[in-house]
Amino acid sequence: MKLATQPTVKTLGDYAYQAIQKHFKKSLKWEKSVKKDEDPEALHQMRVGMRRLRTAVTRFGIAVDLPKPVSDKNIGKIARRLGSLRDLDVLKESLENNYKPNLPRKEQELLQTAFAALAKQREDVLLSVQKTLKDESYKSLKEASQKWLEKPSYQPLASVTIQQVLPDLLLPEVSNFLLHPGWLIGTEFVESELKVQKNWEREKIEHQLTTEGEILHSLRKEAKRIRYQMELFTDLYGESFEAYMTEVKNIQEILGIMQDTAVLGEWLEGVFKSEIQTQLPTLASLLTENRYQSWQQWQPLQERYLKIETRHSFHLTILHPLSGVIN
């Protein structure tokens with residue numbers, strides 16, 4: 001007769017180890033391809049791997065005893081270098097696929113100047129990435145991570161069960177997200193109640209995004225941060241958690257379109273040394289239209305997350321992970 005095996009109770013340390021191992025391996029998997037500049041997808045995957053490794057290292061810092069090279073600062077520097085190159089690839093992809101086909105021939109021809117400038121800029125940034133992946137700080141990050149994974153060292157808190165501390169890990173992040181000033185953009189107080197201002201003309205939205213765009217971009221980064229952290233614990237929660245995670249991702253993507261179109265516009269103005277309306281009027285109006293449509297998608301989510309019920313429900317969801325042991 002075969003005895004039933006006891007399910008193992010996972011600790012905070014178990015989750016820390018799994019997350020660090022998973023994202024370290026993912027980052028390394030794409031390294032050779034990135035060095036050779038073989039595939040934009042490899043660069044994207046390595047960048048994501050590094051960002052998530054950074055999240056794991058910072059979030060689980062209370063439970064693990066990591067060597068000095070495996071630090072938020074070191075991983076952040078490498079992720080930013082990869083990000084600079086990836087941003088140029090995204091910019092090129094967006095221009096080629098989303099905008100160029102919808103432009104008159106004259107503007108399509110003018111874009112060749114932009115593509116040439118992009119190719120030159122990319123060469124310089126690629127050299128910087130290749131240098132980063134050969135330098136001492138990257139090598140020491142790899143070696144120290146590998147050694148730690150072979151013989152991990154923990155802090156006392158690592159021994160507690162994950163359910164015991166999970167809400168305490170995530171609730172501060174939820175609070176940072178919900179208290180971000182980006183939620184207040186385009187709102188007004190009416191009799192002490194916060195109201196989202198609607199039916200704005202395109203010009204007013206453009207003005208708002210010009211003056212407050214950086215704050216919304218900061219909220220986007222906060223959304224990405226909390227999403228990465230929530231994704232570490234999807235197996236410990238139910239449908240409500242999944243729903244919030246999907247909405248956070250949606251917020252991140254909508255705000256991302258607003259930011260990306262602004263960055264593209266500024267970059268083109270730098271290339272052509274003029275307002276893009278003068279040289280690329282059709283493209284300029286397409287960028288404005290995309291921002292306008294994103295604003296329309298953003299406002300219902302903004303309204304929802306300003307409601308007390310939504311905020312309380314989000315907190316309650318985090319407070320109640322699935323009970324019982326996890327296999």
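## Contact of helix 3 with helix 8

In this predicted model, Val-48, Arg-51, Arg-52, Thr-55 and Arg-59 of helix 3 meet Lys-224, Arg-227, Tyr-228, Gln-229 and Glu-231 of helix 8, where contact means heavy atoms within 4.5 Å. The residues of this contact divide into two nonpolar, two polar and six charged, with Asp, Glu, Lys and Arg counted as charged, Ala, Val, Leu, Ile, Met, Phe, Trp, Tyr, Cys and Pro as nonpolar, and the others as polar.

Helix 3 (residues 40-59) and helix 8 (residues 202-231) pack at an angle of about 75°, their axes lying 10 Å apart; helices are DSSP runs of H or I with at least four residues, and strands are E runs of at least two. The two helices are therefore roughly perpendicular to each other, a label given to angles of 65 to 115 degrees.

## The largest cavity

About 40 Å³ of space lies in the largest cavity, a cavity being a set of points on a 1 Å grid where a 1.4 Å probe fits but cannot get out.

Strand 1 (residues 187-190) and strand 2 (residues 193-196) pair in the antiparallel sense over four bridges, pairing requiring at least two DSSP bridges. Phe-189 has Leu-194 in strand 2 as its bridge partner, and Glu-191 in the hairpin takes a positive phi near 50°.

## Basis of the values

Residues are numbered from 1 along each chain as its sequence is written, and side-chain values use heavy atoms, leaving out hydrogens and water. Local features need pLDDT of at least 70 and side-chain atom pairs count only at pLDDT 80 or more, whereas totals for chains, interfaces and linings use all residues.

Conventions. Axes fitted to C-alpha atoms, helices over the stretch in contact; angles between N-to-C directions. Parallel < 35°, antiparallel > 145°, perpendicular 65-115°, else oblique. 1 Å grid on protein atoms, 1.4 Å probe; cavity = no way out; pocket = protein on both sides within 12 Å on 5 of 7 lines; lining within 4 Å. Points joined across faces, edges and corners; volume = space filled by probe spheres on them.
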